Amino acid sequence: MATFLYLIRRVLQAVVVILIVTVAIFCLLHALPGGPARGILGPQATAQQIAEFNREQSLDKPLPVQYFVYLRTLLHGDLGTSYTLNESVAQLIGQRLPKTLVLTVLSALVGLVLAVPLGMWQAVRRNKPVDYAVTTLSFVAYSTPVYFLGLILVLVFNHILPWFPAQAPQGDSLGQVFADPAGLVLPVAAGAASVVAVFSRYMRAATLENLSEDYVRTARAGGSRQGAILRRHVFRNSLTPVVAMLGYYVPVLFGGALVIEQLFNYPGMGLLFWSAAQSSDYPVLLGCVLVISIATVVGTLIADVVQRIVDPRVKAGEV
Amino acid sequence: MSPARTTLVAGAVVTAGALLLAGCSGTGGTSSASPDSINYALPANFTPNWILPIGTAAHLNTNNSSISDSLWERLVAYDGSTGKVAWNKKASIATAADFASDGKSVKITLGDRTWSDGKPITSRDVEFWFNLIKANKEEWAGYNPGKAPDNWTSLKTVDDRHFTITFDKAYNSQWMLANELVDIHPLPQHAWDRTSATAAVSDADRTAAGAKQVWTYLNNAAKNISGYAKDSLWKTISGPYSVKSFSTSGKVVLAANTKYDGGEKPGIATVNLLPFTTADAEKNALRSGSVDYGYIEATDLDQKDRFTAQGYTVKPWSGWAITYMPYNFNNPSMGAVFKQLYARQAVQKSIDQDTLAKVIFNGTAVPGYGPIPQGQSSDFLSPTQKNNPYPFSTSAAKALLTSHGWTEQGGVMVCTGPGTGSEQCGAGVAKGTKFQMQVLSQSGSTVTDNMMSAIQSSLEKTGIKFTIKTAPVNSVLSQTPQCTAGQSICSWQLSFFGTAGSWYFPAFPTGDSLFQTKGGSNFGNYSNPDVDKLITASTTSTSAQAVQDYSAAVAKDLPVIWLPEPDYQISVVKDGLGGFAQDSLANFHPAQWKWTGQ
């Protein structure tokens, strides 16, 4: 019951947060000077065409009216129509979001699968040369901009060693995307690098902390082997901070996708957002921000819930 | 190694191995390089999203038009495919346009052509287009008040293959053909003249209300991109290609129209138009050989040999365009200075276009000194413009300012002699005014950034302070509109949106939108009654001299800062692909492409 009430409270908070985000973004977008019409219609558009565009898009109405029109259509499940792409925003996001999710989820999964054992391995070898070496590599990977890393990957694994394509899969459907796994290697590797760097650090720190706990000493005193202790006790307890951080990492993954999609010619939602920002395509920008806000809020919510399940102390209010 | 370690390390190794196995299936770079298909790279960050040859300005950009022209041929097609911008009769439905001796009407003869469903293309199909545009002109991308269709008073059908359009007054026939009649697309009336998908085909277009309904129906149907390849509406075509597939993410596949009976027979059966997120992504695809006709940026020209070694030819594609920086003559602080011709001359003389074209643009731009494109030879160009009335000289520029009441103080010219005398600063320029101006320039291009820095440096030598602010091109256009001095949006002083050329002309390069008083794209509110008269004369006079007079007057009056005109694109074309010249009107024509063997 307590978990259920907790969930209800968090969902209500999330709705308020998302509403505030839409107001903030709406106001910021409309504060930009000039409006989108001239930019979208181009230098050759006439004054009549600009006026017609503003009338069609309700941009000639006062800002609060525009916002409530937007909110009303939003409540009907309509995110509006893109000024530039000639499609409904919901359709555009529906087409692009799964592709971005493939990229971000694969990057996160690959990153975590590597980071978790790597972090534990480093903790076991604390302050040994391999620990220093991996730590150094982690810092390098973390501080390298995704764009630069992507270029290096293309240069090495496409231009010098022609092993993988420089383009991500070009199909529209997920089936077509997965039909070209070779195309996913470099973009996923670029996305996973920072996940490995960040989460291996968290895992290393958490493992070290747990290794010094009384229950580990007790287990050792009881004759348990190091491997068994790591597998049965330390692993689960060390995952707690990793799970918590994963939820907060959602916007970072979307941000990374924006760059990776550009570099690897992969038209997902990150690129949609970037193009919309360039062309002042308000409905698309608002739609993307809404989706990213929801993803972030849901991500943190899931992280909190999972943390309550993984770590009973959270439920009990001890931490 | 302990079991725990083994487990941990194995996890990592298995993951990496799985990735490698999944990926190691080749680079996937598949150039078509076959006589049956071609891979053409669309401009970076462009997604085709419209095929209907009528629509709003937001839809009809040049690349969408190139696709729709491949499906529905124009009545009169102008292009630069022969190396010179001219009427390409092979790609046109009309075979002749006979103007009346008084210049007030034209009689058009249609070719003996059929739609892909076997029905003949007739005058009724032109009338259908005419009725739709007349009734929906405010929404039509090509509409400019006072121009077509306002200045077309009637369309009278003579018979199935002949009709006459009457104008409100006499016009220059070349201008009328190249800038107005060129917009007409005969449309399949027998298939499209309906008010909804379920309604029967009728003569609905013959009433204004019906024409509005048909327009709405067609435009709504065109919003369903995923229906382009399936919807029977788009199957009745007159052009050399049909849509085989049209992806919402941007990939378009065109297939040769086997029923095509026009003059421009397709040479390649399948045309793949490929979208790219960035120019870098496109360059990577070129390097891997998966693009047959692509492009590189000017800054990549040093890699030309690499592409040549890969079996490509680098071919600059010049545009029928001019590049410039408009002054805001209504700017509250600098408008009065910009209104002084001597001040504009001093600015123009401070810009070394030859060096900019050679060094900054790596030779991929041509200096421009006036309103007529100079990348191609044409009869429109006046000797005055051609010979550069204001050659680069910062000392001459400085002398111009000092002889008009300006004194250099701390490296910046300051007006110390206000007044309207011949040796004073000029009307409205207050004492103490500093000659300092800011440009809002298009971001995202190294070449443009470098050009702005070079201009800043040379203006500084004259004593003009020039600051640079950047924004994406759409923001530049939005933030530098026509305005009056009292408006807050009128704070802009100079605007630059010409990284790929500021203004692409139709075949006949008139300045009615750009430099005529209150012209739709006269962003800086330039106004000169003499120039207005010359512009009007250029569209109505039958003499070619009228355009040259306009060219000379505007080159001398400097309504904008003239800048080098960059190539539209630096194309990289697979060896063996030929049979065409790149169209300086910035359109592509797949039917003209041929694999000629290497």
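Two strands pair if DSSP finds at least two bridges between them. Helices (H or I, at least four residues) and strands (E, at least two) are DSSP runs, numbered from the N terminus.

The model is predicted: local features need pLDDT of at least 70, side-chain atom pairs count only at pLDDT 80 or more, and totals for chains, interfaces and linings use all residues. Residues are numbered from 1 along each chain as its sequence is written, while chains are lettered from A and ligands numbered from 1 in the order in which they are written.

**View 1. Strand β17 of chain B and its parallel partners, β18(B) and β19(B).**
In β19(B), Ser495(B) is the bridge partner of Leu440(B). Three bridges join β17(B) to β19(B), residues 494–496, and the two run parallel. β18(B), residues 465–471, also pairs with β17(B) in the parallel sense, over seven bridges. There, Met437(B) has Phe466(B) as its bridge partner. β17(B) spans residues 436–442; five of its seven residues are buried, so the strand is largely enclosed by the rest of the structure. A residue is buried if 20 or more other C-beta atoms lie within 10 Å of its own, exposed if 12 or fewer, and partly exposed in between; C-beta atoms are placed from the backbone.

**View 2. The β-α-β unit of chain B.**
β17(B), helix α14(B) and β18(B) make up a right-handed unit. The helix covers residues 446–462. A crossover is right-handed if, with the strands pointing away from the viewer, the path from the first strand over the helix to the second runs clockwise.

**View 3. An open sheet of three strands in chain B.**
The order is β20-β13-β21, with antiparallel pairing. β20 (503–504) and β21 (560–563) of chain B are the edge strands, and each pairs on one side only. Four bridges link β13(B), residues 321–326, to β21(B). Thr323(B) finds its bridge partner, Leu563(B), in β21(B).

**View 4. Leu558(B), a non-glycine residue with positive phi.**
Its phi is about 50°. Leu558(B) sits in the loop between α17 (545–557) and β21 of chain B. It has 22 C-beta neighbours inside 10 Å and therefore counts as buried.

**View 5. Asn362(B), also not a glycine, with a positive phi of about 60°.**
Asn362(B) lies in the loop between α11 (353–360) and β14 (365–366) of chain B. Here the count is 17 C-beta neighbours inside 10 Å, so Asn362(B) is classed as partly exposed.

**View 6. A cis peptide bond between Ala148(B) and Pro149(B).**
Omega is about 5°. Pro149(B) belongs to the loop between α3 (123–135) and β6 (152–159) of chain B.

**View 7. Helix α7 of chain B, mostly covered.**
The helix runs over residues 279–287, and nine of its nine residues are buried. Among them are Asp280(B), Glu282(B), Lys283(B) and Arg287(B). Just after the helix, Gly289(B) takes a positive phi of about 85°.

**View 8. The side of chain A that touches chain B.**
Here 62 residues of chain A are in contact with 58 residues of chain B. Contact requires C-beta atoms, placed from the backbone, to lie within 7 Å. Elements giving two or more residues to this side of chain A include α5 (89–124), α9 (181–211) and α11 (226–248) of chain A. α5(A) gives the most, with eight residues.

Notes. Contact = placed C-beta atoms within 7 Å.
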